[in-house]
Amino acid sequence: MVSREHKRGSSLREKFHLLRSITNSHAESETSITSSKYIKKLKQKVEKINNETTSEQSFRESSDPTPTIVETLEKGFMVKVTSVKNEAGMLVCVLETFEDLRLDVVEARVSCTDTFSLHAIGSSNNDGDIKDAEAVKQAVTEAIRTWSDSQA
């Protein structure tokens, strides 16, 4: 009579051989086989994430690189400009546009480390020359676009 342990052992050996044949592995243990399959799956996931990251980055670079938000305040405008790239001269370009629009910079926060970020509050220095937020946004966006094209 064959013992239960013997039947169980032979059943496990058969499953192990089946697993080796399916995975084309010459490993001597089930752990090695499953580890190699797990590593392959992880490599595939990393490759997929890298591909997605590359496509997202190229999409961001091909789309409008400098989103501009302008909000109307009681006596002026709050302008937010961000860019994925920090390019020398962009701050000067935006401030010159403020000057052209006759807006005084009342308060500003600028970051030019890896990316470019400007949050500025500008007030109209001439009460008779009140602009709307869309006109300010259009002027700043166009100035940045023109400046960016001249840098290319």
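Start with Val-136, which touches Val-70, Phe-77, Val-79, Leu-101, Leu-103 and Lys-131, leaving out residues up to four places away in sequence; touching, or contact, here means heavy atoms within 4.5 Å. This is a predicted model, where local features need pLDDT of at least 70 and side-chain atom pairs count only at pLDDT 80 or more, while totals for chains, interfaces and linings use all residues. Residues are numbered from 1 along each chain as its sequence is written, and side-chain values use heavy atoms, with hydrogens and water left out. Helices (H or I, at least four residues) and strands (E, at least two) are DSSP runs, numbered from the N terminus.

**The sheet**

- Four strands make an open sheet in the order β1-β2-β4-β3, with antiparallel pairing; two strands count as paired if DSSP finds at least two bridges between them.
- β1 (68-73) and β3 sit at the edges with a single partner strand each, so one side of each has no neighbour in the sheet.
- On average, neighbouring strands of this sheet are turned by 15 degrees against each other, direction ignored; the axes behind such angles are lines fitted to C-alpha atoms, for helices over the stretch in contact, and angles run from 0 to 180 degrees between N-to-C directions.
- In a regular strand, side chains alternate between the two faces of the sheet.

**Who pairs with whom**

- β1 and β2 run antiparallel and are joined by 6 bridges, and a hairpin through 2 residues links β1 to β2.
- Within that pair, Val-70 stands opposite Val-79 in β2.
- β2 (residues 76-83) also pairs with β4 (residues 116-124), in the antiparallel sense, over 7 bridges.
- Here Ser-83 stands opposite Phe-116 in β4, and Lys-80 stands opposite His-119 in β4.
- β3 (residues 103-111) and β4 run antiparallel too, with 8 bridges between them, and a hairpin through 4 residues takes the chain from β3 to β4.
- His-119 in β4 turns up again on this side, standing opposite Arg-109, while Ser-111 has Ser-117 in β4 as its bridge partner.

**Helices on the sheet**

- α3 packs on the sheet and touches β2, β3 and β4, its direction making about 15 degrees with that of β4.
- α4 lies across β1, β2 and β3, and runs at about 150 degrees to β1.
- Thr-97 is a residue of helix α3, and its contacts, leaving aside neighbours within four places in sequence, are Ala-139, Val-140 and Ala-143.
- Thr-97 is buried, with a relative accessible area of 7%; buried means under 20% relative accessible area, exposed over 50%, and partly exposed in between (1.4 Å probe, protein chains only).

**The nonpolar core**

- The largest nonpolar core has 19 residues, and those with the most contacts inside it are Phe-77, Val-79, Val-81 and Val-136.
- β2, α3 (90-100), β4 and α4 (133-151) each supply at least two residues of this core, and α4 gives the most, with 6 residues.
- A nonpolar core, by the way, is a set of buried Ala, Val, Leu, Ile, Met, Phe, Trp, Tyr and Cys residues joined through side-chain atoms within 4.5 Å.
- Nonpolar side chains tend to be buried together in soluble globular proteins.
- β2 is mostly covered, as 6 of its 8 residues are buried.

**Charges and cysteines**

- The structure holds 1 salt bridge, the term for a side-chain nitrogen of Lys or Arg within 4 Å of a carboxyl oxygen of Asp or Glu.
- That link is between Arg-145 and Glu-142, whose closest N and O atoms are 3.5 Å apart.
- Both Arg-145 and Glu-142 lie in helix α4, 3 residues apart, about one turn of the helix.
- Arg-145 counts as partly exposed at 39% relative accessibility, and Glu-142 counts as partly exposed at 42%.
- Searching the whole structure turns up 0 disulfides, a disulfide being a pair of cysteine sulfur atoms within 2.5 Å.
- Cys-93 is buried at 7% relative accessibility, whereas Cys-112 is partly exposed, with a relative accessible area of 37%.
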